[in-house]
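This report describes selected features of helix packing and sheet arrangement. The sequence and structure are shown first.

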Amino acid sequence: MIRVDGKGDGNGLIRVRNLDKKYQRGSEEIHVLQGLNLDADAGDFVAFMGPSGSGKTTLLNLVGGLDVPSSGSITVAGDEITALSTGKLTAWRARHVGFIFQMYNLIPVLNAFQNVELPLLLTRLSRAERRKHVETALDLVGLADRMTHYPRQLSGGQEQRVAIARAIIADPTFLLCDEPTGDLDRKSADEIMNLIGRLVHEHGKTVLMVTHDPRAAERAEAVLHLEKGVLVEAAGVAA
Amino acid sequence: MKYVRLIWANLKRKKIRTTLTIGSFVVALFLYGLLVTIRGAFTGGIEVAGADRLVIINKISLIMPLPYSYKERLVQTAGVKQVTFATWFGGVYQDERNFFPQFSVEHESWRVMYPEYVIAPEQWAALEADRQGCVAGRALAKRFGWKVGDRIPLRGTIWPGTWEFNLRAIYAGTRPEDDETQFWFRYDYLEERRAFGKGTVGWYVLRVADPDQSVEVAKGLDERFSNSAWETKTEPEKAFAASFVKQMGNIEFLVMTIGSVVFFTLLLVAGNTMAISVRERVGELAVLKTVGFSDRSVLGLVLAEALLIAGQGGIIGLGLAKLFTLGGDPTGGLLGVFYLPFSSLVLGFLLTLTVGAVAGLLPAIGAMRLKVVDALRRV
């Protein structure tokens, strides 16, 4: 169950406590996130909404270990990531987090297969094992017949599906989606959200998603609204 | 190995740019190969000079002679195993542009002193039987299309007149670095015909019994001939060859200077290319880090790209240089030895990799230090 009051029992998958993030721009101090709390269990699907600059992406980056908070703590599956060194954080990220970006962020010189295979290059899997995993992931996202296609040969929706396959290939603990439908037409956006929904409901994946799209957000169990770094509204959370 | 595909794919990203960068390495390493070969042509004699051979020249200058009478005294000197001598002839074959070194030698002792130059027994017998006989190196004979039995006229510049020789033998070096452009003829013919300088030789060559005693033997000989009318300067053959080369100018410095400029320019070209290449894909590098590539992995990937570019260019450039030198001296014989040794190829390749690594280092460090969040914002 998703909680935002900081009163979770600490046994959940993700536990965020009193999270603060400040930036210094010249003499000005910008408070991007202020005192944020969040508890999410395995299999939860949370959407973050809010205007630009509200701190949604910053929150995602912090939970994903791409950035470090100014204060507060983030614990994922028992690991307090805010206490990890850069090197350990990178290894942790590889093991626990799958990222899905608005602009897909595929490597243009690699084909779909090679893009999806990237995270597996960091593992000890053999070439044959890697191939098997990639084929399974691409099959799951419905692109088994596009393995040798390069990003430029795919539609936006297909590119995003390749990105999803890359995100799930290493079987991460949770997925972080930053505006996954932001660059897609309605039909493709629905397909992507269907796919993310399947990952949650059929495969038990935990998903934290930032979106501006209300239709995408309504697929989530909980929708949290941020403004100026503060949680202003929460729907679908435990009281 | 599993990263090779990723590295290779990145190199193919901008095919023209990669090709041009590899091309700059090809040109630079080809030039390096030629420079090393040319340097070897001038200094090859130094490299192959015998460690147990000493050369005695007149203390005043190499162009001043020494008396023939010294030979017996040298033979009897303790520590000296063999003695031979030679005299610079300085003749002109048809045209002054057809330069090649010509020595009048005492052929029997010369042959013993320089076993690295091989002459067929029947040709040697013919030389022994003909006072006007001469020997040409294989490359020299090839240069002028000479065959054994040909009559070769030289116009004397030190000793005037037309000197005619019968080509009785063609020698071949046993090592690739051996000079095959020399022309030797019998001392007794020179002695018979020349109008002045009779009873003198240009320089002596000695073989010492123990190379470790070379310094003592040389010192003893110079002391022995001091205060005579023909004082001597004795030095190892290597040093003699080096001083001979020095007379033509500082070839080593010239080659080093050109080589350094070429490699420095290459460094700038390759460094600039790698910097642009990294700057263009900051977002992709950030994605790699996002999915779990460590800072060191990213550093390694960028460095590997630089090394792969350099390595390919180096191999092609050095290969072309080697092929070119296999075609022989392009000057038609001016360069005594035109040979690119394997050791220079290895050194060239190591230099290439060094340039590649240095060129890739700064961009690679930049990629390593890249902050994922900042980089993703730029995508």
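## Helix packing in chain B

In this predicted model, helix 1 (residues 4–11) of chain B packs against helix 12 (residues 295–326) of chain B at an angle of about 65 degrees, and their axes are 10 Å apart. The crossing of helix 1 of chain B with helix 12 of chain B is right-handed.

On the side of helix 1 of chain B, the contact involves Leu6(B), Ile7(B), Asn10(B) and Leu11(B). These residues meet Leu301(B), Ala304(B), Glu305(B), Leu308(B) and Ile309(B) of helix 12 of chain B. By class, the residues of this contact comprise seven nonpolar, one polar and one charged.

## The six-stranded sheet of chain A

Chain A contains an open sheet of six strands in the order 6-7-8-3-9-10, and the pairing is mixed. Strand 6 (97–100) and strand 10 (230–235) of chain A each have a single partner strand, so one side of each of these edge strands is left without a neighbour in the sheet. From one strand to the next, the twist averages 20 degrees.

Within the sheet, strand 7 (residues 174–178) and strand 8 (residues 206–210) of chain A are paired in the parallel sense over five bridges.

Technical notes:
Residues are numbered from 1 along each chain as its sequence is written. Chains are lettered from A and ligands numbered from 1 in the order in which they are written. This is a predicted model: local features need pLDDT of at least 70, side-chain atom pairs count only at pLDDT 80 or more; totals for chains, interfaces and linings use all residues. Axes are lines fitted to C-alpha atoms, for helices over the stretch in contact, and angles run from 0 to 180 degrees between N-to-C directions. Helices (H or I, at least four residues) and strands (E, at least two) are DSSP runs, numbered from the N terminus. A crossing is left-handed if the near helix is turned anticlockwise from the far one by less than a right angle, and right-handed if clockwise. Two residues are in contact if their C-beta atoms, placed from the backbone, lie within 7 Å. Ala, Val, Leu, Ile, Met, Phe, Trp, Tyr, Cys and Pro count as nonpolar, Asp, Glu, Lys and Arg as charged, and the others, Gly among them, as polar. Two strands pair if DSSP finds at least two bridges between them.
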